[in-house]
Every structure is written in C-alpha cells, then in structure tokens.
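Hello,

Here is the structure I promised to send over. My notes on it follow just below.

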Amino acid sequence: QVQLVESGGGLVQAGGSLRLSCAASGKILSINDMRWYRQAPGNQRELVATITSDGSTTYVDSVRGRFIISRDNAKKTVYLQMNGLRPEDTAVYYCSADLTYYSGSPYYRHWGQGTQVTVSS
C-alpha cells in the first residue's frame, strides 16, 4: 500500500515562511515527477511546482522566486519551501508522485491527503 504523507502546514503572517514535506512509503520501485498543487475555496486545483527525477524544476508564475521545490530521493520525500507568503497563497496544498511498483510496470500518480496553509494579512 503506497502512501504519501504531508506535513508542515499551518498559520503564518504575510511575509513569513513555511516548509512543506511529503514522504512516500510502501512498495515503490522508483519515483518520476513529484508535484505540489494547491486548492483555495471555490477554486480549481492549481499546479504550483514540479520537480523531475533528475531535479529539473518548474513553477507557476505566481510563486516563482518565492517558492522552492526540492526532493530527497533516498528518503522518497519532496519539499516545498515557501517564502514571502501572501494571503492569496492560502489554500490546501497537495503533493503528488508518479511512481512505479515493479520493473516494467507503468507509472501511477498518487496523492497526499492535503495540508492547510493559511496566510494572515
């Protein structure tokens, strides 16, 4: 049973920082892309940042220069360092991982349970 467990959300004042973590566990052979999404009330889920297996990163324009996505392959963990937080960053943040279970199997996307980030003005 594969699980993605997130941590690190909370309440912070505007301008502050938070670091989210998402650890994968279970029968995993390899992990390809890992991503962070967010969803604010009344909005669609938005892709925030992606990191590939070789460490290449992409960001949505609204967070570029403020957020940093990274990963530790040995720990099967992806991080999101969020700096200069703004009230509009308030959302539930979800991680995802495209992973495979055994040699020759396709990659499947798994999701974390979500963690709330609230930024007060």
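β4 and β5 form a hairpin, with six residues between the two strands, and Gly-42 in the turn has a positive phi of about 80°. Strands here are DSSP runs of E with at least two residues, and helices are runs of H or I with at least four, numbered from the N terminus. This is a predicted model, in which local features need pLDDT of at least 70 and side-chain atom pairs count only at pLDDT 80 or more, while totals for chains, interfaces and linings use all residues. Residues are numbered from 1 along each chain as its sequence is written, and side-chain values use heavy atoms, leaving out hydrogens and water.

Arg-38 has Glu-46 of β5 as its bridge partner.

β4 also pairs with β9 (residues 91-100), again antiparallel, over eight bridges; there, Ile-31 is partnered by Leu-99. Seven of the ten residues of β4 (residues 30-39) are buried, so this strand is largely enclosed by the rest of the structure. Buried means under 20% relative accessible area, with a 1.4 Å probe and protein chains only.

As for the whole protein, there are zero helices and eleven strands. Buried residues make up 43% of its 121 residues. The C-alpha atoms fill a box of roughly 50 × 25 × 25 Å along the principal axes.

Enjoy looking through it!

Best wishes

Definitions and conventions: Buried < 20%, exposed > 50% of the residue type's maximum accessible area, 1.4 Å probe, protein only. Pairing = 2+ DSSP bridges.
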